[in-house]
Amino acid sequence: MRDALMAALSTVNDPELHRDLVSLGMIEHASVDAGVAHVKVNLTTPACPLKGQIEHDVRAAALTVPGVQGAVITFGAMVRAAAQPALPGVKHVLLVGSGKGGVGKSSVAVNLAASLALDGARVGLLDADVYGPSVAHMLGQSGAKVTANEDRKMRPLDAHGVRFISMANLSPAGQALVWRGPMLHSAIQQFLKDAAWGELDYLIVDLPPGTGDVQLSLTQTVQVTGAVIVTTPQDVALIDATRAVDMFRKASVPVLGVIENMSYFVAPDTGITYDLFGRGGSRKLGDHTPLGEIPLEVSVRQDADAGTPAVIAHPDSPAALALRQAARALAGQVSVRTLAHLPDQLTVV
């Protein structure tokens with residue numbers, strides 16, 4: 001009956017990869033006991049955005065096997081590494097960028113990292129905005145200092161399940177950094193290669209606004225899986241976001257999707273929706289996948305100031321739910337890109 005069960009499962013496609021679960025090697029275990037099928041599916045990311053659909057389809061397929069009256073579906077998850085892993089132990093480096101400041105890029109980066117961690121992924125966050133580091137404050141660790149381990153490597157700090165490094169934890173508070181390009185390049189190299197990041201599924205990098213030295217240093221230092229563009233809907237922001245897209249294209253970094261932040265505002269007293277900056281403008285950025293539209297909410301700002309990401313502090317708010325969905329959509333895009341070139345048939349466990 002196991003062979004019949006495996007044959008049935010081979011008809012179930014991953015909704016994003018459009019390949020069957022058996023050939024993708026996602027069936028970790030399949031057996032039939034007393035008329036009940038037991039199937040364990042190994043997802044390509046703990047933050048799989050379509051887990052519910054996969055469970056429904058696997059159950060339906062198992063129940064088509066003659067003699068099977070019930071099905072128990074369980075899940076594991078293993079993020080597949082890129083063909084060329086970025087750093088030892090780090091499977092994917094993901095850049096979060098914008099063409100201009102003021103679009104909430106750092107807030108989005110922090111909440112993406114916290115969301116992926118909540119789903120069970122091992123996540124790091126590098127605050128590469130060395131002139132205006134804000135990640136430490138948003139994670140409630142402004143006063144913490146980065147120390148070295150026994151191998152004289154920087155030991156990342158930890159907050160809300162996310163390992164992170166920020167210049168704010170390496171320099172005195174309020175001190176301006178007046179650095180030229182070579183010093184920036186050296187700092188980025190140290191943050192990436194002289195830090196004990198450990199085993200990570202995703203290392204998210206919060207870039208400074210624009211298209212300058214830090215962006216160039218990063219793309220020249222490590223193999224990047226892809227980038228996320230954060231923008232607001234109005235044309236003046238989209239003009240600069242288009243420049244960021246072009247920069248990543250010239251650096252051969254795939255754009256995995258676009259997040260439209262401050263997309264709309266719902267008045268708490270009336271429930272009326274206002275498109276303060278327009279809405280849907282990010283769809284003008286060509287063929288890039290829309291990862292989410294995040295509403296403008298006071299609580300997101302308050303949570304950032306208080307040092308707790310909105311997805312943790314107010315998990316049921318519309319903004320937090322939209323951010324969680326955006327993080328899962330991003331994880332899905334990483335899986336699609338990583339598994340796109342797999343052979344037609346993998347060994348089934």
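Predicted model: local features only at pLDDT ≥ 70, side-chain atom pairs only at ≥ 80, totals over all residues.
Leu 276 sits in the loop that links β14 (273–274) to β15 (290–293). Together with Ile 272, Tyr 274 and Phe 277, Leu 276 makes a nonpolar surface patch of about 360 Å².

The UniProt record, an unreviewed entry, places the feature "domain: MIP18 family-like" at residues 2–69. This span is 29% helix and 22% strand, and its end C-alpha atoms are 14 Å apart.

Next comes a sheet. In general, the strands of a sheet pair through backbone hydrogen bonds, in either a parallel or an antiparallel way. Here the sheet is open and has three strands in the order β1-β2-β3, with mixed pairing. Its edges are β1 (27–33) and β3 (70–77), each of which pairs on one side only. On average, and ignoring direction, neighbouring strands of this sheet are turned by 10 degrees against each other.

Look at β1 beside β2 (residues 36–43): the two pair in the antiparallel sense over six bridges.

Helix α1 (residues 2–9) touches β1 and β2, and its direction makes about 130 degrees with that of β1. Helix α2 (residues 51–62) touches β2 and β3, with its direction at about 145 degrees to that of β3.

Definitions and conventions
Residues numbered from 1 in each chain as written. Heavy atoms only, no water. UniProt positions renumbered as here; feature names shortened; annotations may be inferred. Helix = DSSP H or I, 4+ residues; strand = E, 2+ residues; numbered from the N terminus. Patch = residues over 30% accessible without salt bridge, like charges linked within 9 Å, V, L, I, M, F, W, Y side chains within 5 Å. Areas by Shrake-Rupley, 256 points an atom, 1.4 Å probe, with all protein chains shown as cover. Salt bridge = Lys/Arg side-chain N within 4 Å of Asp/Glu carboxyl O. Pairing = 2+ DSSP bridges. Axes fitted to C-alpha atoms, helices over the stretch in contact; angles between N-to-C directions. Contact = heavy atoms within 4.5 Å.
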